[in-house]
Amino acid sequence: MKSPASASWKAPLKFRMLDIEVDGQRYKDAFTWNPYDPDSEVVMFAKRTVKDLKLSPGFLPQIVQSIQSQLATFRSYEGQDMYVGDKIIPIKLDLQVNHIVIRDQFLWDLNNFDSDPEEFARTLCKDLGIEDPEVEPAIAFAIREQLYEIAIQNVTTARENRISKKGRRAAEHFTPSKASGAALDLMKLFSFGSSVVRKRKEWDYYKPVLDLLSNGDVHALEAKEERSG
């Protein structure tokens, strides 16, 4: 479904893993990374990026530090107990990539290993006739970021429930059986492994919406982002 952009739509969210500014230059990017790759790969990636994009040498240590910091945070949750709650979770997309805005919402089954975010993104782009090669990875990244946030929330919930005392609200809402025994396996959660559910009776509500932006719309959004950044 394609529809023209209108003044009523809200500015879509752009997911970014890196947003670095050095000497008036700004580098913004978003991508996925294998957390078990050696740290030397991070340095090589940063060197190639600085060279290919002709960035100031000052970007090199900042890119390395940003990626390594995020990887360290990711790895710190591996193996921790997590709250075992619902396995069907809502995922929402509200993305702008170049001249395309895409909005969608669907249910993601964490227990079904029939597909993965990259496969879903490829299928969605094909179904909607999206030819921009940057849209597909942006969709996959947005899904993986939400899966990661949900995993971290589940770890936090399990930790709070474990240390909570009688009378605390957490103890009233989460039973010990739901918060024990499950260790967070990040690689399993973020490997090729989760499937999407879009129930037939909810197709009209959950169907994707694609807006095509004019050059003026894109420039206005970029200017707004620069002011807010």
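Helix 2 (residues 59-76) has 18 residues and reaches 26 Å from first to last C-alpha, close to the expected 26 Å (1.5 Å times one less than the number of residues). Helices here are DSSP runs of H or I with at least four residues, and strands are runs of E with at least two, numbered from the N terminus. This is a predicted model, in which local features need pLDDT of at least 70, side-chain atom pairs count only at pLDDT 80 or more, and totals for chains, interfaces and linings use all residues. Residues are numbered from 1 along each chain as its sequence is written, and side-chain values use heavy atoms, with hydrogens and water left out.

**Helix 2**
- Its buried residues include Phe59, Ile63 and Leu71 (buried: under 20% relative accessible area, exposed: over 50%, partly exposed in between, with a 1.4 Å probe and protein chains only).
- The buried residues of helix 2 fall within an arc of 165° seen down the axis, so they line one face (the arc is that of the directions from the helix axis to the C-beta atoms).

**Helix 1**
- In helix 1, Val42, Phe45, Ala46, Thr49 and Val50 are buried.
- Their arc is 125°, so they too line one face of the helix.
- Lys51 and Asp52, on the other side of helix 1, are exposed.
- The buried residues of helix 1 pack against strand 3 (25-29) and helix 2 (contact: heavy atoms within 4.5 Å).
- Lys54 follows helix 1 and has a positive phi, near 55°.
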